[in-house]
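Hi there,

Here is the structure I said I would pass on. Please have a look at it first, and then read my notes below.

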Amino acid sequence: MRRPRRLLAFAIAAAVLAITVPVAFAAQIITLSGATASFPLLEQLTAKYATLQHNKIRFSVSQGGASVGIADVGAGKVDIGDSSRGPQAGDPPNLYFYPIAKYFVCVVTNKSNPIANLTESQVQQIFEGKVRNWSQVSGSSLSTTIDVQSRTSVAGVLTTFQNTLLGGGKVASPPATAWASEGLEQQAVEKDPNAIGFLSDYFAVNNKLNAVAYNGTACSVANAVNETYPGWSFFYEVTKGPKSGTEGKFINWIQTSKPAKKIIETNWIPLTITKPVSG
Amino acid sequence: MLDRIRRPWSDRRAELVLGAAACLLAIGIVTMIVFVVRGAWPTFSHDGFSWLGSHGSVDSRIGAMQNTSANPAASAYQIGIWPLIYGTLLSAGLAVALALAVALAASIFIVDFAPPAVRRTMTPVIRLLAAVPSVLYGLIGVLLLVPFTNHLVTQQQKASVAYVIQLSGGGVAVVVLLLAVMITPIMTALITDALESVPRPWREGAIALGLNPLRATLAVSVRAIRPAIVGAVGLATARAIGEAIVVSMASGGASFSPNPTDGVVFWFEPFETAASTIVRNADGLSAPVLHSTLYAIAALLLFSSFMLSLAAYLVKLPLRRYQVSN
Amino acid sequence: MAQSESAQAPQLLPPRRSRGRRSSLFSWRARDQAVFALAWITGIGLCLVVAAIVLLFATKGFDYLRPDLLFSRPSAAVNQAQSGGFLDPIEGTVMLGILGLAIAAPLGVITAVWVVEYGRPRWLSRIVESAVEVIAGTPDVVLAIFGLALFELGIFAPLSFSSPGGAFGRSFLTSGIIVSAVAIPSVYTATRNGLIATPRQLREASYALGKTRIATIRRVVLPAVRRDIATGATLGLGRIIGDTAIVILLLGATLRTQTESGTPLLGLLRGTGSTLTSYIYNNSPSGEGNAPNKAYAAAAFLLLLILLLNWGVGRIGRIGGPPIHEERRLGA
């Protein structure tokens, strides 16, 4: 009769110890969610910052799309929202958007359909669903149905594309296929010879896809820097209320420090490089 | 105090404690209904029953709902989810019809015609098919079947619907096939059990009267297990309606209402069901309008699964006089 | 032919039984023959489908599954196709299975015991039985969305972690609680059938010796249905580790197991992570992923687990001889 009682007492003591002791060793967690276009950048930035802080801070980054990140941070679900678009009417109130990098959006086609250039009206007609066959597009040698690939409505890249390259128009979806992430749209364009889509530069500028020039201007970093290519925008880090606390320090680090700038330069445009003032 | 617990319990105390634990399940269900309806209330109060109708593209409405602020206007809740309801009924109905035919034929095979060795292997086979997780079926769908059907769709077929929808392989045919494969083992197991529990003299009497074995089974055993068939159909329909993962992986991703008058192209047209819409848009639950819309869809699913069990129960009542199991 | 033979042969051998012409397959009507062929085709067809599925994942697994995948952690999400394994999803699956079963098994057994052995008042017992049926028929998405609504209330913050809007609501604990609901019907049904099938004499002998009802249940009846409980629990475990929708909605979808602040064990349970099912979903072209090879490898491993569980169910059914309710009747 006495042994079970001792065992029970021991178990209770162990449980109490297990619960109370290691609180001192807890690392602080910062949660982020949002754009898939800026996810590769944020992954690297958070990893670098965590090592610089000797792993006292841990990050949990999830995706979902720019609007999801904005809604999450507005509802208090995460600490920082990643956005690839600026603030819009209809966003939750009291949000602060801090730009961290510049990116641009290219129209892309499959490698087997190497269109060199599309004019503004051609882009509008294709993505708005008015032209549905490649034979009606000059510069393409195909005569098949155009498979338009787009993003779901939570995507900031979609907003940027519609505002800049479509001149405010809207992608007609259906018939376009709406993908939930940049990676999925990239795969779709890679696999389908009849596909056309739009991607942020990290996903568009590589040797697997054909990036199309817009109105004669090539889709490249240089043209985005001097803003001759119109399809550019900023990545933002969004907080509820002005940035403060550990998140604020992280955002400051991204905007001002050298290691962050080096990471951004690999595939995107740091904010310190601005359009050179003429004259 | 420990001693008091360790002393033998009286029956009265045991009955109360066990009964309380058992009632946890019933309380859990009531809680579930309360929470789901509470979450869905804004949509119901703003839209009323027009929410079940068709008000344009579900995809674009859901997209707009992602971007609304904390105090949305009543018009922000406007949505007509009929395409989702239609997609659910279409996929579940076709899948259950296909699975019923296959399950009946397979059960008759197992009970009557299979040699003993084959019958012994069929039981683990059926059980294994029932145990395969739905995400594996979805993977087969999205990595194998969808590219395959994409291959089958000709350019003319794609061009014929090009201005309305884009065909990319995933759609009615793939989803119905996968759902049917998923629910066939459940139905087969239930119907086989029921067939085996029909008293042998019934069937032997039919054979003695001159029917061949197949006719005897169809005329006697299958008629006798009609309650079990109804139960199996109910269970399978519930499973097919609630299946979100397979549909979201293999259905083509656009909430479109497939048009049977399109002919062969109908089988390749994409669609969405209620359950798959919830899974697809689960990221956006922080946006209040989308939150209540998704909960409203969940409430609809809950209601329909209740109605399904009720319907199965009611259909079985008049058949009870056959007194054969279930 | 057979009849004439038996008429000629001397009566040393029993006459060969003939089946008669009427039941020969070739005498059936064409429609019946067609149905007969259909029955055979579907029967064999089902076996072929299973064989095809198993073969598919076996070959893909053979191509893509390597032992180091099982023991290394997932790498950064953008590089999923190139490197990293799925140790964290495996951990997640194991944890979720244990958690879900730890809740489902006692609850299912207790409910079945109460319904079969006590079951008064009758209306309550019917309500409980219907409740189990309702849970069995509810889609797992609805269960998951209910879980989200429930556990985002502030009072449940200890189960996950608190965020400014209440509680985060997504963690191993919350998803374990909800996922147990898919296993409860299996445990309940198996236990109930086992309890109903145990002979009355077993209980009556125990009463004759002076034991109370609860003691009889605890010491005599439950051990007799151990095997049924084990079968039901294994089936339930199979359903738990195969569930995807609940995991996607309620487990936070982080690739690696993230522990919440605090204690080793409690922090792990309150944290987020992934399981094999959500890993497969995310790496397929429906998730955010780009790594169908990894999805195939994880799928092959998951199927292997399910096969093992299924085989285990078969074995449990045969441990130690036939179950007690099939043995010779007492006193016979």
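How many residues of chain C are in contact with chain B, and how many of chain B with chain C? In this predicted model, 74 residues on the chain C side meet 70 residues on the chain B side. Putting these two chains together buries about 6300 Å², and carbon and sulfur atoms give 81% of that area. On the side of chain C, the residues that lose the most area to chain B are L46(C), I145(C) and F146(C), which together make up 10% of what that side buries.

Polar links across this interface can be listed too. The rule finds eight residue pairs in polar contact between chain C and chain B, with both partners at pLDDT 80 or more. Several helices of chain C each supply at least two residues to the side that touches chain B, among them α4 (87-118), α5 (122-137), α6 (140-151) and α15 (292-316). The helix that gives the most is α2(C), with 18 residues. Sorted by class, that side of chain C has 54 nonpolar, 13 polar and seven charged residues.

The count of salt bridges between chain C and chain B is one. Its partners are D32(C) and R215(B), whose closest N and O atoms are 3.0 Å apart. The pair runs from helix α2 of chain C to helix α10 (residues 213-224) of chain B. Are the two partners buried or exposed? D32(C) has a relative accessible area of 4%, so this residue is buried. R215(B) has 21%, which means that this residue is partly exposed.

Now for the other salt bridges. Over all chains the count comes to 16. As background, side chains of opposite charge can pair when their charged atoms come close.

One of these bridges is in chain A, where K208(A) pairs with E190(A) and the closest N and O atoms are 4.0 Å apart. K208(A) sits in the loop between α7 (201-204) and β9 (210-214), while E190(A) belongs to helix α6, so the bridge ties together parts that are 18 residues apart in sequence. K208(A) is partly exposed at 45% relative accessibility, and E190(A) is partly exposed at 30%.

In chain B, E204(B) and R200(B) form a salt bridge with an N to O distance of 3.1 Å. Both lie in helix α9 (residues 200-208), and because they are four residues apart, about one helical turn separates them. E204(B) counts as partly exposed at 41% relative accessibility, whereas R200(B) counts as exposed at 63%.

There is also a network of salt bridges that links K77(A), E152(C) and R170(C).

Finally, please look at N194(A), in the loop between α6 (182-191) and β8 (195-200) of chain A. Why does N194(A) count as buried? Its relative accessibility is 10%, and the cut-off for buried is under 20%. The side chain of N194(A) makes a polar contact of 2.8 Å with the side chain of T144(A). Leaving aside neighbours within four places in sequence, the contacts of N194(A) include W134(A), L142(A), T145(A), I146(A) and D147(A), as well as Q155(B) from chain B.

Happy browsing, and do write back with any questions.

Best wishes

How values were computed. Residues numbered from 1 in each chain as written. Chains lettered and ligands numbered in written order. Heavy atoms only, no water. Contact = heavy atoms within 4.5 Å. Buried area = accessible area lost by both parts, 1.4 Å probe. Salt bridge = Lys/Arg side-chain N within 4 Å of Asp/Glu carboxyl O. Polar contact = N/O pair within 3.5 Å; in protein donor to acceptor, adjacent residues only side chain to side chain. Nonpolar A, V, L, I, M, F, W, Y, C, P; charged D, E, K, R; others polar. Buried < 20%, exposed > 50% of the residue type's maximum accessible area, 1.4 Å probe, protein only.
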